[in-house]
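Q: Hi! Could you walk me through this one? I'd like to start with how its parts touch.

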Amino acid sequence: MKAIVQDTYGEADVLRFEDIDRPVAGRGELLVEVRAAGVDAGVWHLMAGMPLIGRPAMGWSRPKMRVRGLELAGRVVAVGEGVTRFKEGDEVFGTGWGAFAEYVRVKEDKAAHKPANLSFEQAAAVPVSACTALQALRKGENAARVLVIGAGGGVGTYAVQLAKASGAQVTGVCSTAKADLVRGLGAEVVDYTSEELTGTYDLILDIAGLRKLGTLRKHLTRDGTLVFVGGEGGGRWLGGMQRSLGGLLLSPFGKQNLRGLFATEPAADLEHLRSLIEAGTVTPVLDRTFPLAQAADAVRYQHAGKARGKIVVVP
Ligand SMILES: NC(=O)c1ccc[n+]([C@@H]2O[C@H](COP(=O)([O-])OP(=O)(O)OC[C@H]3O[C@@H](n4cnc5c(N)ncnc54)[C@H](OP(=O)(O)O)[C@@H]3O)[C@@H](O)[C@H]2O)c1
């Protein structure tokens, strides 16, 4: 089968479109024919091997896993021993390592039935980014005023919709190019290229921009919650994690709750998202689709930060 593989860390030039063996579903796994795979920011990190703190898990001098891609939607072509929730022919979405390929193994507990009202391309854009937004929002439940920094990107477009659905008043921070998109999702907009942040919020999701901890805390209510979700361009060793470590150290000394996030994609969250999507409460925002053979261009495009919402590759 065709897949996107790499044997060294680096920029997108290290990605190759090659023939490799088709995987086989093991115990508790599905073999899924990939119909579309999402390009989340983590793809770049695993490709580049950055930040270095992740290398023990990713592989110190070369990637342990050669095939890139994680979130996907497709059709089940075989089920391993012990699988009870799925059968051959089911349309699913979820995560599986090596999703930039024609087939991928997916653990049963990382999959759900595809939302009936979504195409495969739309469904592939959900698992990583929407689960991240959902889990970040859970850290500050019942927040009346929510600030989403990086509101026009993959995680941000879900965060705005999910926060709105919870009844919160939502403000999204983004560039001019994404202001109409973010407003259309139901948020008030702060265009960071021309406006300063004002006011205070019960919950801040810090998804992009690497603003200083002190700046963010100024815009947090006395007992508010700040969740460090991400941000590109930090140091080689820690990336954007430096600020969450600072938050972790400060948090016990005040009422403000300063938290990091390590998101996962459990079946229960995928099922919850499926029901919100089928009810029309949440809709994936798709910017562009690339052919699998051009996955390197897709990763470059994603990493440039210009995508409105999500991008996907299609085998
Ligand atoms: N903690 C976790 O478990 C977890 C899980 C998933 C992702 N992440 C991280 O979350 C981050 C975002 O991921 P993503 O998939 O949403 O990426 P993305 O699609 O590239 O979105 C990032 C957005 O940030 C905006 N942005 C850039 N500079 C900004 C600034 N100074 N202020 C406000 N917004 C700015 C960009 O657009 P504009 O500048 O045009 O507005 C872009 O829309 C990444 O760093 C990723 O690694 C973390």
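Q: How many salt bridges does the rule find across the interface of domain 1 and domain 2?
A: The rule finds one salt bridge across that interface. A salt bridge here is a side-chain nitrogen of Lys or Arg within 4 Å of a carboxyl oxygen of Asp or Glu. This is a predicted model: local features need pLDDT of at least 70, side-chain atom pairs count only at pLDDT 80 or more, and totals for chains, interfaces and linings use all residues. Residues are numbered from 1 along each chain as its sequence is written, and side-chain values use heavy atoms, with hydrogens and water left out.

Q: Where do the two domains run?
A: The domain assignment gives domain 1 as 2-126 + 284-314 and domain 2 as 129-260; such bounds come from an automatic or database domain assignment. The C-alpha centres of domain 1 and domain 2 lie 26 Å apart.

Q: And how many residues of each are in contact?
A: 21 residues of domain 1 are in contact with 21 residues of domain 2, where contact means heavy atoms within 4.5 Å.

Q: What area do domain 1 and domain 2 bury between them?
A: About 1500 Å², with 55% of it on carbon and sulfur atoms. Buried area is the accessible area (1.4 Å probe) that two parts lose on being put together, summed over both.

Q: Switching to salt bridges, what is the count by this rule?
A: The count comes to 19. One of the pairs is Lys 2 with Asp 19, whose side chains meet at 3.2 Å, N to O. That pair links distant parts of the chain: Lys 2 sits in strand β1 (residues 2-5) and Asp 19 in strand β2 (residues 16-19), 17 residues apart. Strands (E, at least two residues) and helices (H or I, at least four) are DSSP runs, numbered from the N terminus.

Q: Nice. What about Asp 180, which side chain does it meet?
A: The side chain of Asp 180 meets that of Arg 308 in a salt bridge, also given as N to O, at 3.2 Å.

Q: Now the sheet: what is the strand order?
A: The open sheet of six strands runs β10-β9-β8-β11-β12-β13, with parallel pairing. Two strands pair if DSSP finds at least two bridges between them. The edge strands are β10 (188-191) and β13 (257-260), each pairing on one side only.

Q: How many bridges join β9 and β10?
A: Strand β9 (residues 169-174) pairs with β10 in the parallel sense over four bridges. Thr 171 stands opposite Glu 188 in β10.
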